[in-house]
Amino acid sequence: MTAISVSAPAFAPRSTRLRVTRRGRRVLAFAAALPAVVVLGVAIVSGGSAIAGADRDAASTSFSTVTVTYGDTLWSIAEQVAPLADPRDVVDDIARLNALPDGTIVLGQELAIPAEYAPAS
C-alpha cells in the first residue's frame, strides 16, 4: 500500500492587506463629503431665488396700515378690519404679511393690513 501525503506548496501566496495612507483618507473624506456640499449649494441657490420671488410678490401687493393701540391684539384688529371674515384667516394673513411668526405685537407698531381687508376710507 502506498501512502499519499498532501503538503502545502513551498511558495504559498501571501494575502495582501489594503493600507490607506493619510493622503488616501483625505481623498476618501473629500469624495464622501462632495455630494453633501453639492446638495447644500443647490439648496442655498434655490432657496435664495424663492425668497427673491416672495419679495417681488410682496412688493406688488397693496395694503393699508393700522397702528396698534393699548389693549389691541391681532384678533381684535382682525375683527375690526374684517368683521364679516373669519378672524383666524385674517390674523394669519396679517401675521404673514408683517412677518410675525409668534404673533406678538407692541404698542405703537404699524401693521400692514392686506388690501382685501383694508378698511374703506
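At 18% relative accessibility, Asp93 counts as buried, where buried stands for a relative accessible area under 20%, exposed for one over 50% and partly exposed for values in between, taken with a 1.4 Å probe and protein chains only. The side chain of Asp93 meets that of Arg96 in a salt bridge of 3.7 Å from N to O, a salt bridge being a side-chain nitrogen of Lys or Arg within 4 Å of a carboxyl oxygen of Asp or Glu. Salt bridges that share partners join Asp92, Asp93 and Arg96 into one network.

The model is a predicted one, in which local features need pLDDT of at least 70 and side-chain atom pairs count only at pLDDT 80 or more, while totals for chains, interfaces and linings use all residues. Residues are numbered from 1 along each chain as its sequence is written, and side-chain values use heavy atoms, with hydrogens and water left out.

**Overall architecture**

- The secondary structure of the chain comes to three helices and two strands, and read along the sequence these follow the pattern α-β-α-α-β; helices (H or I, at least four residues) and strands (E, at least two) are DSSP runs, numbered from the N terminus.
- Of the 121 residues in the chain, 20% are buried.
- Among the contacts in the chain with a separation of 6 or more, 60% are accounted for by residues 24 or more positions apart, with contact meaning heavy atoms within 4.5 Å.
- The accessible surface of the chain comes to about 10,000 Å², and 62% of this surface belongs to carbon and sulfur atoms; the areas come from the Shrake-Rupley method with a 1.4 Å probe, and for residues only the protein chains shown count as cover.

- Strands β1 (63–67) and β2 (110–114) pair in the antiparallel sense over five bridges, pairing being assigned if DSSP finds at least two bridges between two strands.
- Within this pairing, Thr67 has Glu110 in β2 as its bridge partner.
- Strand β2 is mostly covered, since four of its five residues are buried.
- Tyr70 is found in the loop between β1 and α2 (74–81), where this residue is exposed, with a relative accessible area of 78%.
- Although Tyr70 and Val106 are 36 residues apart along the chain, their C-alpha atoms are separated by 8.8 Å.

**Helix α3 and its packing**

- Helix α3 (residues 87–97) has as its buried residues Pro87, Val90, Val91, Asp93, Ile94 and Ala95, and these buried residues pack against α2 and β2.
- Ile94 is found in helix α3 and is buried, with a relative accessible area of 0%.
- Leaving aside neighbours within four places in sequence, Ile94 is in contact with Leu74, Ile77, Leu111, Ala112, Ile113 and Pro114.
- Just after α3, Ala99 takes a positive phi of about 55°.

**Salt bridges**

- The count under the stated rule comes to three salt bridges.
- Asp92 forms a salt bridge with Arg96, the closest N and O atoms being 2.4 Å apart, and both residues lie in helix α3, four residues apart, which is about one turn of the helix.
- In that pair, Asp92 counts as partly exposed at 39% relative accessibility, whereas Arg96 is exposed, with a relative accessible area of 56%.
- Arg96 and Asp93 also both lie in helix α3, three residues apart, again about one turn of the helix.
- Arg88 forms a salt bridge with Asp86, with the closest N and O atoms 3.0 Å apart; Arg88 is exposed at a relative accessible area of 56%, while Asp86 counts as partly exposed at 29% relative accessibility.

**A nonpolar surface patch**

- Phe30, Leu34, Val38 and Val42 form a nonpolar patch on the surface, with about 380 Å² of accessible area together.
- Patches are made of residues with over 30% relative accessible area and no salt bridge, with like charges joined within 9 Å and nonpolar side chains (Val, Leu, Ile, Met, Phe, Trp, Tyr) within 5 Å.
- Val38, one of the patch residues, is found in helix α1 (residues 22–60) and counts as partly exposed at 48% relative accessibility.
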